[in-house]
Amino acid sequence: MKLLGPVECETDDGRPLALGSGRIRTVTAVLISEVNQVVTLSRLIDLAWDVEPPASARGVVHNHVHRLRQLLAGHAELATRGQGYVLLADPCTVDVHRFQSLVSAAREAEPQAAVTMLGRALGLWRGEALADVPGDRVRRTVGAGLAQARVAALHELGAQLLLLGRYGEVVTELTAWIAEHPLHEELTALLMRALQASGRQAEALDHYHRTRRHLKDQLGIDPGRVLSEAYLAVLGGSGAAAPQGPARPPTAPPPAAPYTVDHGPAPLPRVAQLPPGIPDFCGRERELAVLDQHLERVPRPHCVVLAGGGGAGKTTLAVQWAHGLRAEFPDGQLFADLRGFERPPMRAGTVLSSFLLSLGVPEARIPESVAERAALYRSLLAGRRMLVLLDNAGTAEQTRPLLPSTPGCLAVVTSRRRLSGLVVRDGAVLVTVGALAPGDAMRLLGNALGRQRIEADPAAARALVEWCERLPLALRIAAARLMAHPEWPLECWTKKLADERRRLQELSADDADLAVEANLYLSYRALSSGAARLFRVLGLHPGPGVELHAAAALAGQDLERTRRRLAELCDAHLLHEQAQGHFVRSELVRLYAAQRVASEESRSAQDQAVRRLLDHFTRPRPARG
């Protein structure tokens, strides 16, 4: 699937699919650009029309999605998710993702390898992004960001080539581009330095004056600092890109001043990166008390993991607790969203680079390797009292390089998984975050809707809280829907949630990412293939509980393999082992599993699983004693 040029979809053997013309190309482009992410119907409509969409817009988009689903059958899955759609495909099949992966890898590579990667990344472009998509809005929204990424990659390629002394290639790469895009000052500055280093000073000055005229005529501005400095460097015959002949080896740069101290830590910039807390935070007294108890231990932990299912309010709790600890950590707070369950997740090296910049390290002095960045980061934190909040971690390996190593610092990590590796290997403390207590859930609903509305029908309010399973995300979604309809009685909403065929759909907001179903999908997608299949077939099991032998019968697997996969589901907080060999799940999880098995398993596979389960229940048990 391709967006870096005209929009294209291909079969597995490279044959193009006939997308046709018009708005179907816009719908296709948006879904491809957000592959494996839910795109709401309202967003598709908003991007498909530059003016006010007609009354028939929903039907038009539905028809385009239906047509696209038929075209992609056997090559990719276009699924309905709540209030929107998601294109399920390997990101490596999308040229945008290959481009981004290559550019990201180039940032952490040596110059020679970086040039190769950047060349491959830029070679994926076949013209302007979304070149044949009708409408300006989608090109401004999606295409503009891609164009900026292309320029950034081209700039990085030119900088790396300059570093390697390959000035002729810089001139070749940039001349044609600047002829078509004469207002890019930073690229012009790179080209000028390459021309100067090649002994072509007059051409370098000519490019400067040409760009200066374009800026004045088209934008009414003078050249900025980067281009002006390049001009002065060319005039003075100096600059970073001075040629290096074979008889004159390059002079080694002076060693960078080390970021170490002999007599206590040097001052660091004040860092206060915590997100704002939620004003109506309530409850969680038990979890806060447990966290405070761990902090009061001697020795105190250097890492605390808050683990729980999607929508349980882990981040909210972590931020609330962290704000309360600011006096304990006067040297500042660092924050990063690790996007551990998104594709791609945030790289530890990227987060370390951001932390080091925040701590005052010049970009030129940030080491190349992750290990060196982690060592510098920990050296900077030595002797200080800082709090590091790492949100939405996917694995222990993603998190470990970001943990401070000194006793005065604390890392707070949130995850949908238990991250047992951090507990076992790194001595982290694990705190499980589950549903709210009933009274706290009622208070949260009352804070959002107002006490009057709750007191008008407390029985309906209690029913609504239980249908939402006391999950903060579900409760806030329900409250948002009710606030939009102040005339609705609470009983009307509880009747909607009582219908299990509609419950997941109703518990979604206009932003499809803020939906119970979308949160469950992120946890499901992160499972191994074996655990994902077991999760699906458990959707055929009635009721909240399942025991080991019944799960093995449904999956058609031996007990040991089933036990391992059940443990993975527990680790992802999709199941809970209530007693040895006996597992329970929430009703929302059961409904989602039933939805997945219906959409992903064939009817014959479902029938076979049910027959195995019935055979298990009706098989005579051996007599005991």
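## Salt bridges: the rule and the count

A salt bridge here is a side-chain nitrogen of Lys or Arg within 4 Å of a carboxyl oxygen of Asp or Glu. Applied to this predicted model, the rule gives a count of 32 salt bridges. One of them pairs Arg286 with Glu287, whose closest N and O atoms are 3.2 Å apart. Glu287 is buried, at a relative accessible area of 6% (buried means under 20% relative accessible area, exposed over 50%, partly exposed in between, with a 1.4 Å probe and protein chains only).

A few notes on how to read the values: residues are numbered from 1 along each chain as its sequence is written, and side-chain values use heavy atoms, with hydrogens and water left out. Because the model is predicted, local features need pLDDT of at least 70 and side-chain atom pairs count only at pLDDT 80 or more, while totals for chains, interfaces and linings use all residues.

## Around helix α21

Let's turn to helix α21 (residues 490-498), where Glu491 and Lys495 sit four residues apart, about one turn of the helix. Helices are DSSP runs of H or I with at least four residues, strands are runs of E with at least two, and both are numbered from the N terminus. The side chains of Glu491 and Lys495 form a salt bridge at 4.0 Å, N to O. Glu491 is partly exposed at 41% relative accessibility, and Lys495 is exposed at 58%.

Lys496 has a salt bridge too, with Glu506, and the closest N and O atoms are 4.0 Å apart. Glu506 belongs to helix α22 (residues 503-506) and Lys496 to helix α21, so this pair ties together parts that are 10 residues apart in sequence. Both partners are buried: Glu506 has a relative accessible area of 6%, and Lys496 comes to 19%. Elsewhere, salt bridges with shared partners join Lys2, Glu8, Glu10, Asp95 and Arg126 into one network.

## The chain as a whole

The chain holds 28 helices and 12 strands, and its C-alpha atoms fill a box of roughly 95 × 70 × 55 Å along the principal axes. Of the 625 residues, 47% are buried. Among contacts (heavy atoms within 4.5 Å) with a separation of 6 or more, 69% are between residues 24 or more positions apart.
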